[in-house]
Amino acid sequence: SGADARVLVIGCGISGIGAAQKLIRHGFRKVRIIEATSRSGGRIQTGGLDGKIVEIGANWIHGPSQENPVFRLACQYQLLDGECMSEENQSLDIGGLPPLFSTWLSSSGKKLEAEVLAPAVEVFMTLLKKSQEFYHSSRAPMSSVGEFIKTEALRISNKEWKDDEAKKIRQAMFSTLLKLECGVSGTHTMDDVDLEAFGMYKSLPGLDCTFPGGYEGLITHMMNELPKDIVLFNKPVKCIHWNNIHNRSSSKQGLCPVTVECVNGETFEADHVILTIPLGYMKRNHATLLNPSLPRHKLHSIQRLGFGTNNKIFLEFEQPFWDENSEVIFLLWEDEYDFPDSVSDMKTAWIRKLSCFTVLKPVERYGHILCGWIAGHESEYMETLPEEEVMHTVTRLLRRFTGNPTVTPKKLVRSQWYHDPYTCGSYTYVSKGCSGQDIDNLTEPLPLTGSKAKPLQVLFAGEATHKSFFSTVHGALLTGWREADRLISHYSPAPKKITAHL
Ligand code: 6YU
């Protein structure tokens, strides 16, 4: 029965915790979580900057409304401000697009005028929305979101705008907005994001909100509901031996279809394993992670799906140099009107990939903190630099763009997700040539249907296995619940409907 089934959940991020929680609620008594690091939460990680809370990983509840399970849990645990829980906030639907109006600073130290900005932002947002529509309607005219947006943006700007300085500025704005989208999608370039699959991602209604006490508070509350000592920390898993290969010679043959082997040599036996480790880790370690190795189509999908890097650089200031009501400060390089694909020289120009800074609000809670966003290979390179060098480069950047040589950040904290050995990047995107089928392949349990071996030995959960909410916390949580449900119904199948034959 389910009560006696030994279930090992690998990874103590929100998907793993969610799976364990649901199984235990349904009477499974032999559930354990194995986690490589010394902490739970995975890509939900709250850090500090001078005593203030900053999110190293996930930032917002995307689409905080009733359909979002993370929102529901956060409300239940009373972790949100009243304003986010208001009916009005829940019903606002901006389709996941970034805020329209913000401050724009240029590389010659000028603040751009609203009349110059507004038309370019509008064209870009329209094209972004159009990119999402190909999933539902017609065949996409090009293969990637990047190609589509660049081609259309140039066509529209050449047709509708006079050949003047403002046009060049607007075209350079498209470059900045594309860099921002690289961060949103978690990719190096939008040229690698599949146009036809782009609309597969679904945004929920509700104006994105944050956790005043930190995202990790959600994890703490969920962990408190699990039995003590359910998690085995500091135990990186090296190999999952399934189909009993590892145990063929053991006396308990047939009793334990799966043996999980940790890097330290310890082994754990199980009837079922729920694997929640990030796609980035799977890409690097697939060859050794499963024995027998993964079926070909699963392996191909792991290799083909995208998993890129998005990092944050938090900066604290004594005094703000920005307007009090600014929410986002965009940076525009005046020479980037021709959509340069990537920076020419990584060492000197990596900082060009930093698209914008968001202002942490409210001031009473955070003081004066900016969060800089940087994605792609430049972001991965940034991770390798000493903190002083990042500080020096960002300070120079800000002085140039504000035209104020005295701007000096006090402190800096950054994320380094690409070099995190158990994540290897930030989150999943559907790369060029991929489709929902790749996510289905990734999700399919082992052994594959049709096999005579014991069913449901290895199940797959985690952010990357959700077809419409990949790259999010709510997507991850739903996949943990989904795999728990798979086991629950395996052990207590719903009674078959009796149909009367007349
Ligand atoms: C969200 C947000 N957000 C910013 C940044 C990042 C992410 N996300 P986990 O990794 O948590 O757990 C796996 C565990 O496994 C972990 O503990 C490992 O240590 C362990 N493990 C690994 N190997 C192991 C081994 N060998 N043995 C044992 N254990 C092992 N999501 O909702 N709002 O604001 C952001 C953001 C910088 C890095 C985010 C956000 C993503 C979430 O953080 C992430 O999906 C979940 O936490 C993953 O949980 P999990 O359990 O699956 O894995 C149109 C269109 C485009 C599509 N995209 C648009 C959406 C925008 C997404 N935006 C994200 C933005 C930010 C800013």
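**The ligand site**

The model is predicted, with local features requiring pLDDT of at least 70 and side-chain atom pairs counted only at pLDDT 80 or more, while totals for chains, interfaces and linings use all residues. Residues are numbered from 1 along each chain as its sequence is written, and side-chain values use heavy atoms, with hydrogens and water left out.

Next, display the polar contacts (pairs of N or O atoms within 3.5 Å). At Asn 59, a backbone N or O atom lies 2.9 Å from an oxygen atom of the ligand. At Glu 463, a polar backbone atom is 2.9 Å from an oxygen atom of the ligand. For His 62, show the side chain: one of its N or O atoms is 3.2 Å from a nitrogen atom of the ligand.

**Helices H2 and H16**

Select residues 69-76 (H2) and 473-491 (H16); helices are DSSP runs of H or I with at least four residues, numbered from the N terminus. Their axes come within 8 Å and cross at roughly 90°. Axes are lines fitted to C-alpha atoms over the stretch in contact, and angles run from 0 to 180 degrees between N-to-C directions. H2 and H16 are therefore roughly perpendicular, the class for angles of 65 to 115 degrees.

To see the contact (heavy atoms within 4.5 Å), show Pro 69, Val 70, Arg 72 and Leu 73 of H2, which meet Val 473, His 474, Leu 477, Leu 478 and Trp 481 of H16. By class, seven of these residues are nonpolar, one is polar and one is charged. Here Ala, Val, Leu, Ile, Met, Phe, Trp, Tyr, Cys and Pro count as nonpolar, Asp, Glu, Lys and Arg as charged, and the others, Gly among them, as polar.

**Helices H1 and H8**

Move to residues 14-25 (H1) and 216-224 (H8), whose axes come within 10 Å and cross at roughly 25°. H1 and H8 are therefore roughly parallel, the term for angles under 35 degrees. Ile 14, Ile 17, Gly 18 and Gln 21 in H1 meet Leu 218, Ile 219, Met 222 and Met 223 in H8. This contact comprises six nonpolar and two polar residues, with no charged ones.

**Thr 288**

Finally, select Thr 288 in helix H9 (residues 279-289). Leaving aside residues up to four places away in sequence, Thr 288 touches Lys 238 and Cys 239. The C-alpha atoms of Thr 288 and Cys 239 are separated by 6.2 Å, although the two residues are 49 residues apart along the chain.

Conventions
Helices (H or I, at least four residues) and strands (E, at least two) are DSSP runs, numbered from the N terminus. Angles under 35 degrees count as roughly parallel, over 145 as roughly antiparallel, 65 to 115 as roughly perpendicular and the rest as oblique. A polar contact is a pair of N or O atoms within 3.5 Å; within protein, one must be able to donate a hydrogen and the other to accept it, and residues adjacent in sequence count only if both atoms are side-chain atoms.
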